[in-house]
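This briefing gathers computed features of a single protein chain for a reader who will want to check each one against the coordinates. Please keep the sequence and the model open while reading.

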Amino acid sequence: MTEEKTNVMRILDQKKIPYTAYSYAGTDALSGADVAAVLGQNPAQVFKTLVTRGKSGKYFVFMVPVNRELNLKKAAAAVREKSVEMIHQKDLLPLTGYVHGGCSPIGLKKPFPVTIDASCAQFETVIFSAGKIGYQVQTTVNNLSKLVRLQQADITEI
């Protein structure tokens, strides 16, 4: 449990959505897999949040397990785009309000469509960034869908 509230946690509280908060601040964990290991979490249940731009110029958010990679072809197909590409790291903060490593699907500056990898269906809950490096939240996919336009699709490669 963590004592510090992030904006994501405040939004969840405001909407009365139950969640569990985790903090890994003060550890050397950098990658999502490192964080999962430090916290004793299943890396397949911990999702990273990736922001892309489609050929049309629209932005899309994808959530994939930290032990997998986003398949750009599958991702593009899921959002009906010819192609999608990762946005440049320098564009993340002005676009989303979040820094690299602390991006959450909840509380983005603008509500972009979110696609979560279909592997989420094997878990009762998913864990993802609480919007600040060092903090995570865990809730159900159904609860997440109350806050963002969410769809599930097969979007990863191992």
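The model is predicted rather than experimental, and local features are reported where pLDDT is at least 70, with side-chain atom pairs counted only at pLDDT 80 or more. The structure holds five salt bridges, whereas the count of aromatic pairs comes to one and the count of disulfides comes to zero.

**Salt bridges**

- Among the five salt bridges is the one in which the side chains of glutamate 4 and lysine 132 meet, with an N to O distance of 2.4 Å. Because glutamate 4 lies in the segment before α1 and lysine 132 in the loop between β7 (126–129) and β8, this pair ties together parts that are 128 residues apart in sequence.
- Glutamate 4 is partly exposed, with a relative accessible area of 35%, and lysine 132 likewise counts as partly exposed, at 35% relative accessibility.
- Another salt bridge brings together the side chains of lysine 5 and aspartate 13, at 2.9 Å from N to O. Lysine 5 counts as partly exposed at 38% relative accessibility, and aspartate 13 is also partly exposed, with a relative accessible area of 36%.
- Lysine 48 forms a salt bridge with glutamate 69, and the closest N and O atoms of the two are 3.7 Å apart. This pair links distant parts of the chain, since lysine 48 is in strand β2 (residues 46–54) and glutamate 69 is in strand β4, 21 residues apart.
- Lysine 48 is partly exposed, with a relative accessible area of 22%, and glutamate 69 counts as partly exposed at 44% relative accessibility.

**Aromatic pair**

- A pair of aromatic rings is described by the distance of the centres and the angle of the planes.
- Under the pairing rule the count is one, and that pair is formed by tyrosine 59 and phenylalanine 112, which are tilted, at 5.5 Å centre to centre and with 50° between the planes. Tyrosine 59 lies in strand β3 (residues 59–65) and phenylalanine 112 in the loop between α4 (89–96) and β6 (114–117), so the pair ties together parts that are 53 residues apart in sequence.
- The two partners fall into separate accessibility classes: tyrosine 59 counts as partly exposed at 24% relative accessibility, whereas phenylalanine 112 counts as buried at 10%.

**Cysteines**

- With the disulfide count at zero, cysteine 103 is in no disulfide, and the nearest cysteine sulfur, that of cysteine 120, is 18 Å away. Cysteine 120 is in no disulfide either, its nearest cysteine sulfur being that of cysteine 103, 18 Å away.
- Cysteine 103 is buried, with a relative accessible area of 5%, and cysteine 120 counts as buried at 1% relative accessibility.

**Helix α1**

- In helix α1 (residues 7–14), the residues Val8, Met9, Ile11 and Leu12 are buried. Seen down the axis of α1, these buried residues fall within an arc of 160°, so they line one face of the helix.
- The cover over the buried residues of α1 includes β1 (20–23) and β8 (135–139).
- α1 is followed by lysine 16, whose phi is positive, near 55°.

**Valine 141 and its surroundings**

- Valine 141 is found in helix α5 (residues 141–145), and at 12% relative accessibility it counts as buried.
- Leaving aside neighbours within four places in sequence, valine 141 is in contact with Ile116, Cys120, Val126, Leu150 and Gln152. Cysteine 120, one of these contacts, is itself counted as buried.
- The C-alpha atoms of valine 141 and alanine 121 are separated by 8.3 Å, although the two residues are 20 residues apart along the chain.

**Asparagine 71 and its surroundings**

- Asparagine 71 is found in the loop between β4 (69–70) and α3 (72–78), and at 14% relative accessibility it counts as buried.
- The side chain of asparagine 71 reaches the backbone nitrogen of lysine 74 at 2.9 Å.
- Not counting residues up to four places away in sequence, asparagine 71 touches Ile155, Thr156 and Glu157.

Terms used. Residues are numbered from 1 along each chain as its sequence is written. Side-chain values use heavy atoms; hydrogens and water are left out. Helices (H or I, at least four residues) and strands (E, at least two) are DSSP runs, numbered from the N terminus. Buried means under 20% relative accessible area, exposed over 50%, partly exposed in between (1.4 Å probe, protein chains only). Contact means heavy atoms within 4.5 Å. Rings of Phe, Tyr and Trp (its six-membered ring) pair if their centres lie within 6.5 Å; planes under 30 degrees apart count as stacked, over 60 as edge-to-face and the rest as tilted. A disulfide is a pair of cysteine sulfur atoms within 2.5 Å. The arc is that of the directions from the helix axis to the C-beta atoms. A polar contact is a pair of N or O atoms within 3.5 Å; within protein, one must be able to donate a hydrogen and the other to accept it, and residues adjacent in sequence count only if both atoms are side-chain atoms. A salt bridge is a side-chain nitrogen of Lys or Arg within 4 Å of a carboxyl oxygen of Asp or Glu.
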